[in-house]
Amino acid sequence: MKSTIALLVTFYSIIPFIFAQDSKQKEVLIIGTMHTVPKIVKHSYKPMLKYAKKYNPQAIYVESPMPNDSISWNYLKNGWSKNYSTFYKLSDSLQRSFSFDNIKFNITLSKPFENLSIADLNYLITCFAYLRNEPNHAFYKYIKSHGIEGQKKPTRHVDGDLSMPLALALNIKTLTPMDDQQTNDKYHLAWKKCAMEGRNNGNNKINSIMNKRDYNNSILPAIFRRLGRHVNKRKKLKRLDKLSAFSYVAIKTEGCTDGERYWNERNARMAKNIATQVSMNDHKRNIVIVGASHVIGLEKELRQNYPDLKVILMND
């Protein structure tokens, strides 16, 4: 009898500890996006914004290069994106000429959104460019142009319709970059090579069929403003991952194999960027807003290598 009582006392004494541990577990909610949507479905991000607000994250991670990722920026300064290239030149120029004051920067950044003057916004815009922090440079330019209420008309882009309005609505002062493009040039070369190799072995036909089926399946959800939900269905996410990683191919070729490796390695590095930064802050609820093709890869990497994090997908 005494042993039974002792066992019960021990059991009930550890219950609060179990719940305390669970309450401290950090979450990472991953939302897959469509980047820029066509005009015909310009309101596609509206339900996604509503969903994200309801989750009420404390930090917003976005698909933009990290300021200290010199390898990615070395590629991007002359890479695929004209916007990134232009931003790099501005940042490079400011790092040679601008006198950055960390104390003044933090004081200005700590002001409530509604108290930021045009001079404050211009200063923050310049500072973020100096710091090579591209998403927040764009964020404060957005505030300067559209105010704290944001742009009324849909921008059709994930930044203007989701990540930035979400940050303003929840009073989150900065977006957190987490992207990695260190091998993006090699990935694009492998993509082209895979397409050339697939002309005569049936791989391109498989790709064409998958893309056509994917497009057809998206028509009805797009019409009824459910494109965001549709894109985040696990079946859809797996198909996008296969297409981006070239793992759909029936015949393994050098280009396709290289492309799959570069894709998976990029997802692994992005996951590390997310997990490292999450571990350094006190935020329990963290949202990752990323191209839908990356969701399955990020989920896999985070679950396998960072088991202390609770990973959630939009449709879970």
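This is a predicted model: local features need pLDDT of at least 70, side-chain atom pairs count only at pLDDT 80 or more; totals for chains, interfaces and linings use all residues.

Q: Fine. What's the strand order in the sheet, then?
A: The order is β3-β2-β4-β1-β5, in an open sheet of five strands with parallel pairing.

Q: Which ones are the edge strands?
A: Those are β3 (176-179) and β5 (310-313), each of which pairs on one side only.

Q: And how are neighbouring strands turned against each other?
A: By 30° on average, with direction ignored.

Q: How many bridges hold β1 and β4?
A: Seven, in the parallel sense. If you want a spot to look at, I31 stands opposite I289 in β4.

Q: What about β2, how is that joined to β4?
A: Four bridges do that, and the two strands run parallel. There, I60 has I287 of β4 as its bridge partner. Towards β3, β2 has three bridges, again running parallel, and Y61 sits opposite T176 in β3.

Q: Does any helix sit on the sheet, or rather, which strands does α14 touch?
A: Helix α14 (residues 295-305) packs on the sheet and touches β1, β4 and β5. The direction of α14 makes about 165° with that of β1.

Q: Back to β4: is that strand buried or exposed?
A: Six of the seven residues of β4 (residues 285-291) are buried, so the strand is largely enclosed by the rest of the structure.

Q: OK, on to the nonpolar core. Which residues touch the most other members in the largest one?
A: I30, I60, F139, Y140 and V288, out of 64 residues in that core.

Q: What's Y140 in contact with?
A: Leaving aside neighbours within four places in sequence, Y140 contacts L109, F113, L116, L121, L124, I125, F128 and K173.

Q: Where is F246, and is it buried or exposed?
A: F246 is in the loop between α12 (234-245) and α13 (254-280). With a relative accessible area of 2%, F246 counts as buried, because the cut-off for that is under 20%.

Q: Which other residue has a positive phi near 60°?
A: H35, which is also a residue other than glycine. You'll find H35 in the loop between β1 (27-33) and α2 (45-55). H35 is partly exposed, with a relative accessible area of 38%.

Q: Changing topic: how do α4 and α6 cross?
A: The axes of α4 (residues 82-97) and α6 (residues 118-130) come within 8 Å and cross at roughly 95°. That makes α4 roughly perpendicular to α6, since angles of 65 to 115 degrees count that way.

Q: Which residues meet there?
A: From α4, F87, L90, S91, L94 and Q95; from α6, T126, F128, A129 and Y130.

Note on methods: Residues are numbered from 1 along each chain as its sequence is written. Side-chain values use heavy atoms; hydrogens and water are left out. Axes are lines fitted to C-alpha atoms, for helices over the stretch in contact, and angles run from 0 to 180 degrees between N-to-C directions. Angles under 35 degrees count as roughly parallel, over 145 as roughly antiparallel, 65 to 115 as roughly perpendicular and the rest as oblique. Contact means heavy atoms within 4.5 Å. Buried means under 20% relative accessible area, exposed over 50%, partly exposed in between (1.4 Å probe, protein chains only). Two strands pair if DSSP finds at least two bridges between them. A nonpolar core is a set of buried Ala, Val, Leu, Ile, Met, Phe, Trp, Tyr and Cys residues joined through side-chain atoms within 4.5 Å.
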